[in-house]
Structure formats: structure tokens, C-alpha cells
Amino acid sequence: MTTSIHHIGFLLLPQTQLLDFAGPSDVFNTANQLITFSSAKTAITYQLHLISGTTAKTVATSSGISVLCDYTIYDREIPLDTLLIAGSKADLTNEYDTAVLHWIRGIYPSLQRIGSICIGAFLLGKTGLLNNKKATTHWQFAQTFKDTYPSVRLAYDHFYIKDENIYTSGGITSGIDLALAIIEEDSGHTLASDVSRYLVVNLKRQHTQELYSSLIPADIELTPLVKKVKLYITERLAQQSVTIIELAELVNMSERNFSRVFKKESGMTPGAFNDCVRIENAKRLLESSDIPVMEIAHLVGYTTDNVFRKAFTKLVKVTPMHYRTAFQSTDINK
């Protein structure tokens, strides 16, 4: 067997997510171990490098664990074929050291591929390399990303996306999906499948990131008006109809003005928001109870089981029973 070495670097900023680079690192390392048993005539082995985005080689992760990097961006002649940018809480501030941006732009032409993991897409987006490219990131920060980088064609439902030689992955563990896809691209399906089975993860997930996302943002992200409407609907879940007139009166607005302002502040019509609140509560009941689907339908205000199933499948992209199977409580005492 003829082998060649492919150098993969993980760029780490302070407050980086540990799993963003630890997960993919174990995927590549497992490929190195299993390639020994492969029948392939040629094989790629991976040499992994941690690269600090600061002058110090030690980087503190968001979990409080510090890691010692092999290089900093100020070192010369770092061997790199692929650069993967790990996500960091610092990504959401959009305040990047210009030296980091300059280093990424400078090294990009010499790379076989560049990519980001989770919210590392924010830093990659800041370099301009994602302009007019299709990309993904963590579902929770999709709207923020769209607002920050409108020239990027964001598809947050994907676990990973390749556009030419630029790769992006979704939320946190999606870096594992991306690493497996890179192995399959480099060495074929058999090795990638062997790695996935050894690590007890799916080579290709059955669903999309949308399955894991919330239909409505957390309360802290809602405007006072939207939060008030959400509370009103939540307190009346079993009530089959909450009208726009009713909601407009709640906030002392005309129906027309309320509809306009609400859509501007929430990004959706009052009717769509009403459905999202009800289905989001249905998801919680599916996760935390054994209540039959038909009963849950009535508890969240749907007249029939069939209407509920259609609304649920449209918004969540899977049936209520599929969702329950994936997310029902793991409490062993239930």
C-alpha cells in the first residue's frame, strides 16, 4: 500500500468549543488506525495540527479546558493542506484580530481545502471567502449569520456543505459529519463507513439540522411584543383558535398595523407564529411524556389528529412519531 500524508490544521480562538475540533480529530485519527486494515492500493493518512489564533500556544476553550497548540498563526512554514476553523464564542461578537483575518486570506491560495465548524463560519465569512458561496452554520445562529453576511447563500438545514474547495458544517457535532465526508472524498466509502461504525455514529444522518432546531427563538431573543403574544398563545394552547383580532387587541393595535409590526419583529405572520408556538409545545410533550399523539393534538389546539400531523410534518420535517422516537426522554426510571 502506498500512503501519502495530508496535513489538517484546526484554527483555535479563545473560547473555542472543545468538541468542534476534538470530534473531527478523533474521526481523522481513527481513519489513520483503520487504514492499516484497508485493501486499498493507495491511502491517505492525516497529520493533525492545532493552530492558535493568538500569540500564545495555549488556548482556553469554552469548557474551561486549556489546550496546547502546535503552532500559532505567527509561526512560519506550518504544513497545511486543509484548514478547519473551529467555532468560538468570540465569533458572535464579530470583533476579530485583523492578524487572524490576514493570515487566513494569505494561506488560503496554498490550501487544498478550507472549512469551518459550527459558528466558525462567522470568522470564515468575515474573510470574504464565503461571498456568493453556499454555506451552513449552527441552526440557532442562522438568522444572525444571514443578517451579518447577506452575500452568503446560507442553507442552515444542512449538516455540511461543500462549495468548490470551501467546506462549512452545522452545529457542533456536525464537524464529525464533515470529517467523515472528507475521509470518504479522500479515501472512499469503505474507509469512511468503517470509521463511522467504529465510532458508533452515522456516516450520513437520516434527517437535517432542522430536526434539532427550535421553531421560535428563545425568549431572550424576542421583542416585548412578540414575547407577549407568545405567552398569550401558550396560555391558551387548548383553545382551537386565537384570532389576529384578538392578538391585535391584546397589544392595543389595529389588526392591519399589528400584522405589519409583528411580521417585522418576528420574521413571520401571526398565523405562522401561532402554529410554531403550538407545534413547539407539542414537541416538548412528545419528548417528555407517553401521551398519545391524538391527545397531544387536542392539548395544543388542533381539531383533529390529521390536521395536527400535517402541521407538525410541514414544520418539523418528520412525523410526530418519528420525532418522539428520536427525542423521547432517556429517563431509565420511566
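Modeller: Buried means a relative accessible area under 20%, exposed means over 50%, and partly exposed lies in between. Please keep in mind that this is a predicted model.

Colleague: How many salt bridges does the count come to?

Modeller: Side chains of opposite charge can pair when their charged atoms come close. With a side-chain nitrogen of Lys or Arg required within 4 Å of a carboxyl oxygen of Asp or Glu, the number of salt bridges in this model comes to 13.

Colleague: Which parts of the chain does the salt bridge between E185 and R113 tie together?

Modeller: The side chains of E185 and R113 meet at 2.9 Å, N to O. Because E185 belongs to helix α5 (residues 174-187) and R113 to strand β7 (residues 113-116), the pair joins parts that are 72 residues apart in sequence, namely α5 and β7.

Colleague: Where do R205 and D177 lie?

Modeller: These two side chains form a salt bridge of 2.7 Å, N to O. The pair links distant parts of the chain, 28 residues apart, with R205 in the loop between α6 (189-199) and α7 (224-234) and D177 in helix α5.

Colleague: What separates R309 and D305 along their helix?

Modeller: The side chains of R309 and D305 meet in a salt bridge of 2.8 Å, N to O. R309 is partly exposed at 32% relative accessible area, whereas D305 is buried at 17%. Because both residues are in helix α12 (residues 305-316) and are four residues apart, what separates them is about one helical turn.

Colleague: Why do the buried residues of α2 line one face of the helix?

Modeller: In α2 (residues 98-107), the buried residues are V100, L101, W103, I104 and I107. Seen down the helix axis, these buried residues line one face because they fall within an arc of 160°.

Colleague: Which residue caps the N-terminal end of α2?

Modeller: On the other side of this helix, T98, H102 and G106 are exposed. At the N-terminal end, a side-chain oxygen lies 2.9 Å from the backbone nitrogen of A99, and the capping residue that provides this oxygen is D97.

Technical notes: Residues are numbered from 1 along each chain as its sequence is written. This is a predicted model: local features need pLDDT of at least 70, side-chain atom pairs count only at pLDDT 80 or more; totals for chains, interfaces and linings use all residues. Side-chain values use heavy atoms; hydrogens and water are left out. Helices (H or I, at least four residues) and strands (E, at least two) are DSSP runs, numbered from the N terminus. Buried means under 20% relative accessible area, exposed over 50%, partly exposed in between (1.4 Å probe, protein chains only). The arc is that of the directions from the helix axis to the C-beta atoms. A polar contact is a pair of N or O atoms within 3.5 Å; within protein, one must be able to donate a hydrogen and the other to accept it, and residues adjacent in sequence count only if both atoms are side-chain atoms.
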